[in-house]
Amino acid sequence: MDIARQSYAVKWLILGVLIGGVAAGASALTFYLILRLTTYIFLNLLVGYEQPEPIGLGGSLMYAPRIERPWLIPVSTVIGAVIIAYLAREFRESRAGLDAVIEAYHGRRRPFSNPVLHGFVNVVLSAITIGSGGLRGGARGTHR
């Protein structure tokens with residue numbers, strides 16, 4: 001199939017599906033790997049918690065939870081929150097609504113207003129939130 005001979009709509013539909021599929025797959029894989037890393041650092045190394053693995057990946061139905069240092073769970077969550085607050089302040093677009101419209105109209109942009117970087121930072125913030133033991137929607141509350 002020669003894509004150059006296709007109609008405009010068909011050509012861009014095929015390219016959009018291919019590019020979107022690759023981007024979605026890469027995003028999901030990136031999130032998964034960062035989530036595994038942050039979970040290992042915060043919960044496994046710091047707290048001493050071994051997460052259960054699925055049966056297909058070598059897990060067992062006979063899993064018994066073991067936490068070596070349960071008193072460090074709040075510390076892990078607070079460390080994650082501090083990292084998230086710093087990264088959100090530095091790399092996320094902090095203005096929303098009318099303020100963002102006014103700044104966009106006047107051409108003022110933050111130094112890191114790249115949409116690709118913004119998306120990647122959201123992935124990293126979500127993975128750190130979950131991996132450090134925080135709530136799933138915790139990274140959204142960082143807007144000023």
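Let me start with a term: a pocket, on a 1 Å grid over the protein atoms alone, is an open set of points where a 1.4 Å probe fits, with protein on both sides within 12 Å along at least five of seven lines, and its lining residues have an atom within 4 Å of a point. This is a predicted model, where local features need pLDDT of at least 70 and side-chain atom pairs count only at pLDDT 80 or more, while totals for chains, interfaces and linings use all residues. Residues are numbered from 1 along each chain as its sequence is written, and side-chain values use heavy atoms, with hydrogens and water left out.

The largest pocket, then. Its lining has 14 residues, and Arg36, Thr39, Tyr40, Gln51 and Glu53 lie nearest the centre. H1 and H4 are the elements that give two or more residues to that lining, and H1 gives the most, with six. The volume is about 290 Å³, taken as the space filled by probe spheres set on the points, with grid points joined across faces, edges and corners.

Now the fold. The chain has four helices and zero strands; these are DSSP runs numbered from the N terminus, H or I of at least four residues for helices and E of at least two for strands. Of the 144 residues, 19% count as buried, meaning under 20% relative accessible area with a 1.4 Å probe and protein chains only; exposed is over 50%, and partly exposed is in between.

Next, the core. A nonpolar core is a set of buried Ala, Val, Leu, Ile, Met, Phe, Trp, Tyr and Cys residues joined through side-chain atoms within 4.5 Å. The largest one has 11 residues, including Ile34, Phe42, Leu87 and Val124. Helix H1 (8–47), H2 and helix H4 (115–131) each give two or more residues to this core. H4 supplies the largest share, five residues.

Where is Ser76 placed? Ser76 sits in helix H2, residues 73–91. Ser76 is buried, at a relative accessible area of 0%. Contact here means heavy atoms within 4.5 Å. Setting aside neighbours within four places in sequence, Ser76 is in contact with Phe42, Leu43, Leu46, Val47 and Ser132.

Is Pro65 buried or exposed? Pro65 is exposed, with a relative accessible area of 64%, and is found in the loop between H1 and H2. Pro65 and Pro52 are 13 residues apart in sequence, and their C-alpha atoms are 7.9 Å apart in space.
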